[in-house]
Structure formats: C-alpha cells, structure tokens
Amino acid sequence: MTAAPEAPAAAAIEVLATAAATGATVVLSGHVQPDADALGSVLALAEGLRRRGAQVCATFPGPFRLPASLSWLPGAASLVPSTEVPAAPDVFVSLDASSPGRLGELAGLLDSAGTSVVIDHHASNPGFGSVQLVVPDAPATVVLVAELLDGLEVEWDTQLATCLYAGLAADTGSFRFGNTAPGTHELAARLLRTGIDHAAISQRLFDTAPFGWLRLLSLVTGRAELEPDVGAGLVWTWASTAEARECGLPGDQLEALVDVVRATEEADVACVVKGQDDGSWVVSMRSRGATDVAGVAIALGGGGHRAAAGYSSFADLQTTVARLRSELAAGVEH
Ligand SMILES: [Mn+2]
C-alpha cells in the first residue's frame with residue numbers, strides 16, 4: 001500500500017484532536033446500508049473520539065437497520081438513527097462513503113456542520129467535504145481510521161481492534177483480494193496482538209447464516225446465466241428481497257450472493273441483480289481482474305472499486321441487464 005500523503009491525514013487529525021480537546025459535538029456517519037468497513041470505521045473512530053473528550057453521535061442513513069452479521073460489533077448499540085443527530089454539529093465525519101449521495105438524508109450535514117471531514121478509499125470518490133482524507137490505495141477505510149486513532153493518541157484495545165479488524169477482513173475478502181498489501185498484514189498483526197478473537201469475528205461476518213440461505217442459494221444459482229461473449233465474459237443472476245423473506249432471511253442476506261457467483265471461471269464479471277421492495281434493482285458486480293467494474297458502474301450511475309462496484313437501476317430486469325451487457329461490450333471496444 002502506498003503511504004497516505006502526509007498532509008491530508010494531518011489535517012483530519014488536527015480537526016478531530018481540536019474537537020476532542022474542546023468537547024465539541026461530532027457526528028459520524030457511514031454510507032447507506034453500511035457494511036463492515038463503514039460500521040467498523042464509524043464505531044472505532046466514534047469510540048476513540050469519545051475517549052478523548054468529544055461529544056459523539058454515531059449514525060448512518062436510513063433505513064436504520066443493521067444486518068445480523070454486523071449488529072454484534074462492539075458499540076453498535078450506541079448507534080442512533082439519523083433523526084436523532086444534531087443538525088449542525090461542530091464536526092461531521094463521513095466514513096467509507098464514495099459520494100454525498102451515499103450519505104442519504106445526512107448529506108446536508110456536509111454543509112451544516114462547522115467542519116466536514118471525509119474519510120474514504122473509493123477510487124470513484126470525487127472529493128467532497130472541507131477536509132478530505134481519500135486514499136484509493138488503502139484497502140479499507142478502517143486503515144485510515146487506524147492512522148487517525150494513532151494521531152489522536154488513542155490506545156488500541158480489543159473493542160477498537162475488533163471494529164478495525166472487521167472492516168479490514170471484509171474489504172480484503174479475508175486478505176485474498178488484490179488490495180491486500182504487506183502493510184495490510186502488518187496492520188492485521190498489530191490488531192491480533194491486542195488479543196481479539198479473529199476466528200470468531202470472521203465466523204460471524206462470513207460464515208453464519210440461517211438454514212434458509214441454502215434454499216435461497218439453490219434458487220439463485222440455479223437460474224444463473226453464463227454469457228462468455230459479453231465483454232470478457234459475464235455471469236449473472238437475480239434475486240429479490242421478497243424471495244429472501246420467503247426463505248426466512250432478511251433482505252441484506254442478498255449481499256453475500258455475489259461472492260458465490262464470482263467463482264465462475266468462464267466469466268470475468270459476475271453480477272447479481274437484486275430486486276428491492278420498491279421495485280428498483282441494486283446491481284452488484286465483481287471482476288476477476290480484466291474488467292474495471294468501477295468504470296462500468298460509474299457509467300450506469302453508481303461507483304465502487306476496480307474489482308467490486310455497483311449501481312441502482314429503475315428499469316425492469318431485462319432492460320437493466322441489457323444496459324449492463326452493452327456497457328461491458330463497450331468497455332472491451334475502448
Ligand atoms: Mn470500504
């Protein structure tokens with residue numbers, strides 16, 4: 001991992017250290033439908049700032065519901081809905097959100113707060129907020145939070161380390177993805193030395209689901225389509241939150257489907273099109289390496305990383321997949 005430029009981290013540390021020293025109000029938010037990196041970042045930095053004396057409010061945009069795989073994170077019980085945060089805090093911190101839109105109803109705090117600090121690692125982040133720490137080379141936002149906690153001279157204990165490790169393990173695919181670097185393992189080693197139970201963390205994050213998960217998997221993998229001639233090869237399938245419910249699962253269980261589909265050897269791009277309760281579709285893409293799916297997602301109104309990206313579609317399923325096909329084909333022609 002390339003080291004973060006000195007100045008941006010220093011500027012963020014200064015704002016947060018001053019806020020802590022003066023007992024200022026700080027609101028921290030992750031992106032909508034927060035994942036382990038977003039929540040781990042929010043919870044670790046919130047706790048660190050709290051210990052240094054800030055008045056902290058940790059939140060995320062609605063719907064205010066945590067998946068079971070994340071609700072056990074230390075400090076999760078202290079999260080408050082967006083309706084309960086001060087409208088004009090001294091400092092607003094956005095974590096792991098690649099654009100203001102990903103902050104939903106909380107995006108207004110970027111302007112209403114005295115200072116807004118944006119901490120993120122998405123290549124598609126356009127740069128927003130008055131103080132920016134955006135490092136596309138960082139494998140996870142928690143890596144940047146670890147640096148901030150050091151800058152704030154907050155000691156890492158198992159509570160903080162569990163939150164940081166959860167984000168690091170999730171965004172690196174348990175240290176399997178290309179974003180894993182020597183520094184990633186050095187950070188993991190430092191986190192393990194605090195005494196965290198990394199096996200239990202991983203089991204809760206990645207290897208725990210109700211029995212209905214097997215039923216849902218069979219439905220969704222059973223109707224997967226392989227289209228080797230689209231771009232560098234496409235495998236796709238669809239699912240819906242209603243189907244998840246029929247299998248006794250919360251809608252967020254659909255997030256894990258793409259990790260099964262992306263094993264397909266014949267397709268560089270794997271895609272799961274997820275039907276939402278409001279009739280829209282959320283499209284998740286993964287690349288095995290040859291395709292920049294962030295570029296595809298941006299062209300279709302979303303964002304993400306080179307190997308993992310997504311967007312929303314308000315067209316029907318056929319039109320949604322047709323647009324994806326032509327974007328992938330265009331990517332090959334360029
Ligand atoms: Mn992340």
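How far does helix α2 (residues 36-51) reach from its first C-alpha to its last? The span comes to 22 Å over 16 residues, close to the 22 Å expected at 1.5 Å a residue, where the expectation is 1.5 Å times one less than the number of residues. Helices here are DSSP runs of H or I with at least four residues, and strands are E runs of at least two, numbered from the N terminus. This is a predicted model, in which local features need pLDDT of at least 70 and side-chain atom pairs pLDDT 80 or more, while totals for chains, interfaces and linings use all residues. Residues are numbered from 1 along each chain as its sequence is written, and side-chain values use heavy atoms, with hydrogens and water left out.

Helix α2 is mostly covered, with 14 of its 16 residues buried (under 20% relative accessible area, 1.4 Å probe, protein chains only; exposed is over 50%, partly exposed in between). After α2 comes G53, with a positive phi near 110 degrees.

Now for the metal. D37, D96, H121 and D171 coordinate the manganese ion at 2.1 to 2.3 Å (donors are N, O and S atoms within 2.8 Å, or 3.2 Å for Na, K and Ca; water is not among the atoms, so sites may look incomplete). H121 contributes NE2, the aspartates OD. D96, in the loop between β3 (91-95) and α3 (109-112), and D171, in helix α5 (residues 158-171), sit 75 residues apart, so the pair links distant parts of the chain. D96 counts as buried because its relative accessibility is 1%; D171 counts as buried at 16%.
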